[in-house]
Structures are given as structure tokens and as C-alpha cells.
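Let's take a walk through a protein fold together. Have the sequence and the 3D view open while you read.

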Amino acid sequence: MKILFVTGEAGPFLRTGGLGDVSQALPLALNKEKQDVRVIMPLYSAIKDVYRQTMVFLGSKVVALGWRQQYAGVFTCEYEGVKYYFIDNEYYFKRFGVYGHYDDGERFAFFSKAVLEVLPLIDFFPDVIHCNDWQTGLLPVYLDAFFRADERLANVKTVMTIHNIEFQGAMDKSCISDVFGIPASHYSMVEYANNANMLKAGIEGANAVTTVSKTYAEEILNPYYAYGLEDILKKRSYKIRGIVNGIDVDLYNPQKDVGLFAKFSAKTVAKKAANKKGLQEMVNLPVADKPLIGMVTRLTNQKGLDLVMEVINDILNMDIQMVVLGTGDWKYETALTEVAKRYQSKLAVIINFSQDIASKIYGGSDMFLMPSKFEPCGLSQLIAMRYGSVPIVRETGGLKDTVPAFNPVEKTGRGFTFKTYNAYDMLDAIRRAVGTYYQKDEWSAVVNNAMSGDYSWKTSAKEYVELYKELLK
Ligand code: GLC
């Protein structure tokens with residue numbers, strides 16, 4: 001099968017979050033399943049020279065967007081056997097930061113249409129176009145409105161994956177015809193709740209909609225999780241399914257990770273002690289055998305930071321240590337930094353986004369706290385488990401699907417969980433984890449269960465292949 005994977009970001013070229021991880025690892029896994037998958041994304045100025053130097057210019061097209069005529073150059077390169085294409089337009093993509101510009105709607109409308117325009121140039125006519133998040137939501141609509149007459153694109157099927165429904169690309173509805181250039185025949189696909197809504201366009205237009213875990217696929221039919229899209233999702237529920245994310249288990253591998261103080265595996269898990277010591281020294285915490293709780297996270301409400309702050313004194317009054325790495329909302333950055341000053345021997349806070357420090361926390365911590373309010377899939381808990389850091393999570397979305405609760409009698413399960421979004425329920429889960437830490441048999445069972453889980457993309461990549469095949473029947 002020929003699959004075109006369309007995304008706003010993909011590692012290693014550019015990554016701002018989980019979407020960038022998935023857009024790197026899933027195509028690689030599909031490639032291993034012998035599918036001809038290619039990835040296409042914008043050529044941001046933030047992409048580093050080491051990668052730019054490997055790119056070859058293929059040509060350019062003019063893309064009509066409303067009344068505008070815009071240049072779209074195409075570059076290509078290969079990375080780990082996967083072919084990548086990049087849409088070049090300096091007006092749209094030579095910017096500081098990737099998202100968050102006043103004209104994001106126009107930038108990604110341009111990108112989505114340009115992808116379809118340049119297919120003849122790259123001479124690739126896919127069987128399936130796999131879109132991701134709101135940035136690519138208009139693509140299925142453009143396809144139907146402008147490209148079906150080309151017989152090479154007449155039968156192509158589309159998939160829309162929702163990685164996070166909070167971000168929808170919603171803007172003033174005057175954009176629909178003026179900026180996006182959507183014809184009257186397709187106007188209603190893009191309009192929602194008296195706005196333009198790019199994610200909703202993708203949900204309407206795609207042949208199948210997926211979310212990144214099974215539980216999240218159910219949750220988003222509920223107003224608490226749907227950020228206003230529940231009505232359209234309920235109507236389209238027949239074409240929605242959940243396929244859980246994996247991680248690149250070669251990239252996130254404690255046996256190879258050069259960021260660690262000591263490499264280790266499930267068999268040599270005792271070496272985690274060296275990582276813990278290294279981490280404690282690095283962040284100026286006393287070197288001691290106490291439960292060490294790690295967090296590597298965006299400091300936002302989604303990630304449950306409000307719960308953490310509500311009971312931070314109770315947490316730190318336990319005989320534990322805690323290391324937090326992340327950036328995000330100013331109120332959490334400052335509040336955590338303040339608390340760390342009061343609990344210097346217990347809490348270390350690093351306001352940063354660093355792969356290297358992240359590895360040291362995954363490797364050196366005993367527990368990994370992730371009390372998300374909602375979590376479409378979550379990748380950090382998977383990485384944590386692979387590095388023998390036992391997750392403490394709320395039972396939502398992908399956290400629920402990937403972290404079964406530890407049962408001390410049966411010695412099954414991989415983490416400590418709580419259900420209701422409530423700070424004291426979270427505190428209780430932390431207490432259970434800390435209590436178990438001192439039961440050496442139980443603790444080594446839960447660490448071993450966490451480390452021996454299969455978090456690779458293999459099973460899920462096969463599920464995507466099945467889905468593509470169903471669509472092509
Ligand atoms: C988003 C979600 C996260 C998910 C990731 C990749 O970042 O918030 O839960 O793991 O996308 O799908």
C-alpha cells in the first residue's frame with residue numbers, strides 16, 4: 001500500500017510534543033510492515049542545518065488559496081529508510097516558534113492544499129492519506145472539493161487521527177471562504193458552532209477517524225472531554241476507533257541511552273541505583289535511599305498540575321524526594337520554583353525542555369507521576385515504564401489503557417492509579433506507591449512488570465494497516 005502521512009511536525013526534524021514522536025515512529029513501523037509510507041510536513045526555519053543539508057529540491061508549484069497565489073517548494077530527504085517531503089514557503093514557515101501565530105489557520109490551510117498540489121511533482125499517488133490533528137483537517141475537504149477529478153486521486157481514502165481534541169484550529173467563520181477558499185458546496189463541512197473549525201472539517205471529511213487510545217475514543221463522545229465537539233463526534237461515531245500509540249523502543253532504550261549515568265535492563269535493574277545517585281547529585285538533593293518521584297511534563301492543567309499544587313505540601317511532608325522537569329504555564333513554573341526553595345532537600349525543579357535531563361529522570365526515579373486531567377495517549381508513562389520508573393497515573397485515556405493497576409496479591413499490573421480528578425485521590429495513590437516501595441518483593445514485581453511490557457509500535461502499526469485495508473475494500 002502507498003500511504004502519505006501528513007503532519008505539522010515530525011522528529012527528528014522538528015518536534016514540539018507527542019505528535020512529533022508519533023510522526024517519526026509510526027511511519028518507521030509501517031515501513032517495517034513493508035508499506036510504502038512517506039511523510040510530508042512544513043519546512044520550518046527551525047529545522048536544523050544538519051537535516052537541511054541532506055535535503056534535495058524537487059521543484060515548485062503555485063497554490064491558489066482564496067484570492068492568493070502562493071509559492072510552494074518541495075524538498076525531500078530520507079531518514080532511517082523513510083522518505084520525507086517538506087513544503088517550503090518562507091512567508092508561512094520562516095517564523096519564530098512553530099504554532100501560535102495569528103494566521104495559523106491560513107498557514108496550515110496552505111500546507112494542506114499544497115500537499116495535494118505537489119503530488120504530481122513528487123510522483124506519488126497514495127492509496128491512503130493519513131492526516132493528523134487540526135493542522136491537516138482541511139485536507140480531506142480540499143481533496144473532495146478540488147482534486148477528485150484527477151483520476152489518480154479519485155479513489156484515495158483518508159484517515160484523520162486526533163492526538164488532542166483541545167486544539168481544533170477554530171477561528172472566525174469568515175475565513176472559510178475568504179482565506180481557506182472553500183467553495184459553497186463544502187462550506188458546511190468546515191463550519192461548526194458558528195465558527196470555522198479545521199479539526200471538525202477533518203472529522204467530517206475523512207473516511208475514518210482515529211484517536212490514540214481506545215479509552216480516549218470513548219471519552220471524546222462526552223462533553224467533559226470533547227471541548228465542544230461531542231455532537232459531531234456522536235454523529236460520526238460509526239467511523240471512529242482507538243489505536244493506542246507505541247514508542248520507538250530503540251530510541252527509548254535504557255540499554256543504549258547515552259543520557260543515563262549507567263545503562264541497564266530489566267535483568268540489571270540494580271544499576272538504577274547508580275542513576276538515582278547521579279540524578280540526586282546533579283540536582284543537589286541528598287544522596288539517600290528514599291522513594292524518588294519524577295515528573296517530565298508540560299506544566300499545564302491538562303497534565304494535572306493543579307492537583308499537584310493543591311497537595312504539594314502533603315506530598316513533600318512524606319519521606320520522599322521529587323524531581324520535576326518541564327516548561328509551561330507561568331503560574332506553575334513560578335509556584336513550583338517557590339516551593340522548591342522551601343523544600344531544598346526534597347524537591348528539585350528544572351524549568352527546561354531537555355531530552356538529556358529527561359533520560360536521567362526516567363532512569364533515576366523510582367516512580368513517575370502523571371495525574372492528567374485528560375490524556376489522549378501519553379508517551380511519558382510508556383518511557384517511564386521502560387526505564388523502570390513505576391507510573392502513578394489517573395485512569396484516563398491512554399493512561400488507563402497502558403497502566404493496569406498493580407495488584408499486590410496476584411503481583412500483576414504496572415502502576416498505581418486513581419479514578420476521580422481529585423487531589424486527595426492522587427495523594428492516596430502516591431501513598432500506596434510509597435508504601436509498596438518498602439515491600440521489596442512487591443516492589444521488584446511491579447518494576448519488573450513495568451519494564452517487561454511491550455510498548456513497541458508493532459501491534460498498533462498492524463492495526464493501522466488493517467484499517468487502511470478496510471477502507472480500500
Ligand atoms: C498529544 C496528546 C498525548 C499523545 C500525543 C501523541 O500530545 O496530548 O496524549 O500521546 O499527542 O499522540
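This is a predicted model: local features need pLDDT of at least 70, side-chain atom pairs count only at pLDDT 80 or more; totals for chains, interfaces and linings use all residues.

Start with strand S1, which covers residues 2-6. Is S1 enclosed or open to the outside? Four of its five residues are buried, so S1 is largely enclosed by the rest of the structure.

S1 runs parallel to strand S2 (residues 36-42), and five bridges join the two. If you'd like to find that pairing on screen, look for Ile3, whose bridge partner in S2 is Val37, and for Val6, whose partner there is Ile40. To get from S1 to S2, the chain passes through helix H1 (residues 18-32), and this β-α-β crossover is right-handed. S1 also pairs with strand S6 (residues 128-132), again in parallel, this time with four bridges. Ile3 turns up here as well: its bridge partner in S6 is Val128.

## Moving on to S2

S2 is mostly covered too, with six of its seven residues buried. Besides S1, which strand does S2 pair with, and over how many bridges? That would be strand S5 (residues 82-88), which runs parallel to S2 and is joined to it by five bridges. To spot this pairing, find Pro42 and look for Ile87 of S5, which stands opposite.

Three strands make up an open sheet in the order S8-S10-S9, and their pairing is antiparallel. Strands S8 (170-171) and S9 (191-192) stand at the edges with a single partner strand each, so one side of each has no neighbour in the sheet.

Two bridges hold the antiparallel pairing of S8 with strand S10 (residues 195-197). One spot to check is Met171, which has Ala196 as its bridge partner in S10.

## Rings that meet

How many aromatic pairs does the structure hold? There are 25. Each pair of aromatic rings can be described by two things, the distance of the centres and the angle of the planes. Take Tyr99 and Phe108: their ring centres are 5.9 Å apart and their planes sit at 50°, so this pair is called tilted. Tyr99 is partly exposed, with a relative accessible area of 25%, whereas Phe108 is buried at 0%.

Compare that with Tyr437 and Trp443, an edge-to-face pair with 5.5 Å from centre to centre and 70° between the planes. Tyr437 is buried, with a relative accessible area of 4%, and Trp443 counts as buried too, at 7%.

Some rings also link up into a cluster through their pairs: Tyr44, Tyr91, Tyr92, Phe93, Tyr99, Phe108, Phe110 and Trp134. So the tilted pair of Tyr99 and Phe108 belongs to that cluster.

What is the volume of the largest pocket? About 1,200 Å³. Its lining has 45 residues, and the ones nearest its centre are Thr16, Gly17, Gly18, Leu19 and Arg298. The elements that give two or more residues to the lining are H1, strand S14 (321-326), helix H17 (355-364) and helix H18 (380-386). H1, the helix from the crossover, gives the most, with four residues. By type, the pocket lining divides into 17 nonpolar, 19 polar and nine charged residues.

There is also one cavity of 30 Å³ or more. The largest cavity has a volume of about 70 Å³. Residues lining this cavity include Asp21, Val22, Gln24 and Ala25, along with Gly246, Ile247, Asp248, Leu251 and Tyr252. Leu379 and Trp457 are in the lining as well. Sorted by type, the cavity lining comes to seven nonpolar, two polar and two charged residues.

Note on methods: Residues are numbered from 1 along each chain as its sequence is written. Side-chain values use heavy atoms; hydrogens and water are left out. Buried means under 20% relative accessible area, exposed over 50%, partly exposed in between (1.4 Å probe, protein chains only). Two strands pair if DSSP finds at least two bridges between them. A crossover is right-handed if, with the strands pointing away from the viewer, the path from the first strand over the helix to the second runs clockwise. On a 1 Å grid over the protein atoms alone, a cavity is a set of points where a 1.4 Å probe fits but cannot get out, and a pocket is an open set with protein on both sides within 12 Å along at least five of seven lines; lining residues have an atom within 4 Å of a point. Grid points are joined across faces, edges and corners, and a volume is the space filled by probe spheres set on the points. Ala, Val, Leu, Ile, Met, Phe, Trp, Tyr, Cys and Pro count as nonpolar, Asp, Glu, Lys and Arg as charged, and the others, Gly among them, as polar. Rings of Phe, Tyr and Trp (its six-membered ring) pair if their centres lie within 6.5 Å; planes under 30 degrees apart count as stacked, over 60 as edge-to-face and the rest as tilted.
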